[in-house]
Amino acid sequence: MQNLVSHENWKSCFCEIAPGLLLFARQWVQSAADAEDIVQEAFIKFWRRNHKIENRALLYAAVRSIALDFIRRDSRRARREATAVGETNEFIEPEFEFEDDTQRALAEAIDVLPCEQREVLVMKIWNELTFAEIAGALGISQNTAASRYRYALAALRNTLQPR
Amino acid sequence: MNNFSDIENELRKLRPAQPSPILFERVEEAMMDRSAVVSPARQPERLPYNWLSWGIGLAAAAALLLFAVLNMERQQGGGKEIAQISREPETAPLLNRAEESTSSEKFVPAGATRLVYNTRDEGLQFGRGSGQPVRRFRYQTRETWQWRNPTTGASLRVSYPSEEVVLIPVSGQ
């Protein structure tokens with residue numbers, strides 16, 4: 001079992017997980033810069049506490065905890081940002097790299113999913129966590145995690161189905 | 001789950017945005033500097049408040065101490081008792097004690113309040129060396145102590161802010 005402290009090539013490890021972690025953090029903050037702050041803080045804490053990289057559910061729990069903390073601390077700023085975002089959508093950094101309009105529509109559909117479904121979807125698809133790991137990170141049962149995931153997929157399919 | 005394989009495949013084709021190259025530099029710097037746990041951009045926010053709280057708290061404590069010293073000097077110098085802070089346990093009903101006082105020159109405790117003006121749930125935390133998460137609550141309070149001279153009506157009030165952090169273990173499923 002390897003941990004991050006003894007992981008000589010921590011950069012390759014971080015490169016691998018950073019995009020998924022950032023996407024996970026972006027659920028709570030609009031700004032990519034804030035999401036990067038959160039991911040940095042979580043990753044450093046995880047690394048310093050000598051956790052094993054296999055125990056990555058803790059890393060996601062840390063990102064979630066720090067992000068929620070961030071929202072509470074900066075609630076006024078978040079409200080201002082939300083207003084600004086509502087007025088100027090073009091300034092939001094995209095969360096995905098689109099190749100075509102279908103992917104853009106899919107990303108928009110993900111954006112409007114309920115938060116509890118979206119976080120499970122992000123952890124499962126782009127971070128490749130198991131339902132057991134997701135359940136551990138979110139403090140829910142595996143069945144709940146799996147059903148939230150299915151609800152999210154069903155909602156996305158309904159949104160994208162041609163009418 | 002197979003019913004959703006088509007949408008899952010579509011989702012997997014979507015690639016999350018890449019982090020900025022600066023993030024890697026920042027993480028590397030933070031890993032080198034073991035003392036910087038919190039992002040330096042956000043750390044100063046809490047400092048002014050904490051210093052202010054400590055300052056006010058210390059000032060209140062100093063005022064209390066000064067009052068006690070002056071009181072002792074007066075008692076020793078003139079042989080005449082002017083004011084006294086009750087030494088009875090805090091748990092006794094303070095207001096009743098004021099009524100029980102028979103001396104006309106004594107300051108007696110007249111009230112104590114603890115106002116919780118802010119409670120903040122700071123989320124789950126992972127303690128150093130402990131795998132079990134804890135939920136951290138921060139309570140900001142203002143404590144006020146009052147003394148009154150029943151004869152002259154003179155009163156003394158000391159008020160100071162305090163902050164309390166409570167960690168509640170969270171059990172996993």
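Biologist: Is E128(A) buried or exposed?

Modeller: This is a predicted model, in which local features need pLDDT of at least 70, side-chain atom pairs count only at pLDDT 80 or more, and totals for chains, interfaces and linings use all residues. Residues are numbered from 1 along each chain as its sequence is written, while chains are lettered from A and ligands numbered from 1 in the order in which they are written. A residue is buried with 20 or more other C-beta atoms within 10 Å of its own, exposed with 12 or fewer, and partly exposed in between, with C-beta atoms placed from the backbone. E128(A) has 12 other C-beta atoms within 10 Å, so it is exposed.

Biologist: What is the phi of E128(A)?

Modeller: Most residues other than glycine have a negative phi. E128(A) lies in the loop between α6 (115-125) and α7 (131-138) of chain A. This residue is not a glycine, yet its phi is positive, near 55°.

Biologist: How many helices and strands does chain A have?

Modeller: Both kinds of element are DSSP runs numbered from the N terminus: helices are H or I with at least four residues, strands are E with at least two. From the N terminus on, chain A runs α-α-α-α-β-α-α-α-α. That gives 8 helices and 1 strand.

Biologist: Which residues make the contact between α1(A) and α3(A)?

Modeller: Helix α1 (residues 10-25) and helix α3 (residues 57-73) of chain A pack with their axes 10 Å apart, at an angle of about 35°. Axes are lines fitted to C-alpha atoms, for helices over the stretch in contact, and angles run from 0 to 180 degrees between N-to-C directions. Two residues are in contact if their C-beta atoms, placed from the backbone, lie within 7 Å. α3(A) brings Y60(A), V63(A) and A67(A), and α1(A) brings L21(A), F24(A) and A25(A).

Biologist: How many nonpolar residues does this contact of α1(A) with α3(A) have?

Modeller: Ala, Val, Leu, Ile, Met, Phe, Trp, Tyr, Cys and Pro count as nonpolar, Asp, Glu, Lys and Arg as charged, and the others, Gly among them, as polar. The contact has no polar and no charged residues; its nonpolar residues number 6.

Biologist: Which element gives the most to the side of chain A that touches chain B?

Modeller: The contact takes 37 residues from chain A and 33 residues from chain B. By class, the chain A side has 20 nonpolar, 5 polar and 12 charged residues. The most, 8 residues, come from α2(A).

Biologist: Which strands are the edges of the open sheet in chain B?

Modeller: The sheet has 3 strands in the order β2-β3-β4, with antiparallel pairing. Each edge strand pairs on one side only: these are β2 (108-126) and β4.

Biologist: How many bridges join β2(B) to β3(B)?

Modeller: These strands run antiparallel. One pair places G111(B) with Q146(B) of β3(B) as its bridge partner. The bridges joining β2(B) to β3(B) number 15.

Biologist: Which residue in the turn of the β3(B) and β4(B) hairpin has a positive phi?

Modeller: β3 (residues 133-148) and β4 (residues 155-169) of chain B pair in the antiparallel sense over 15 bridges. W147(B) stands opposite L156(B) there. The hairpin has 6 residues between its strands, and the one with a phi of about 85° is G153(B).

Notes. Pairing = 2+ DSSP bridges.
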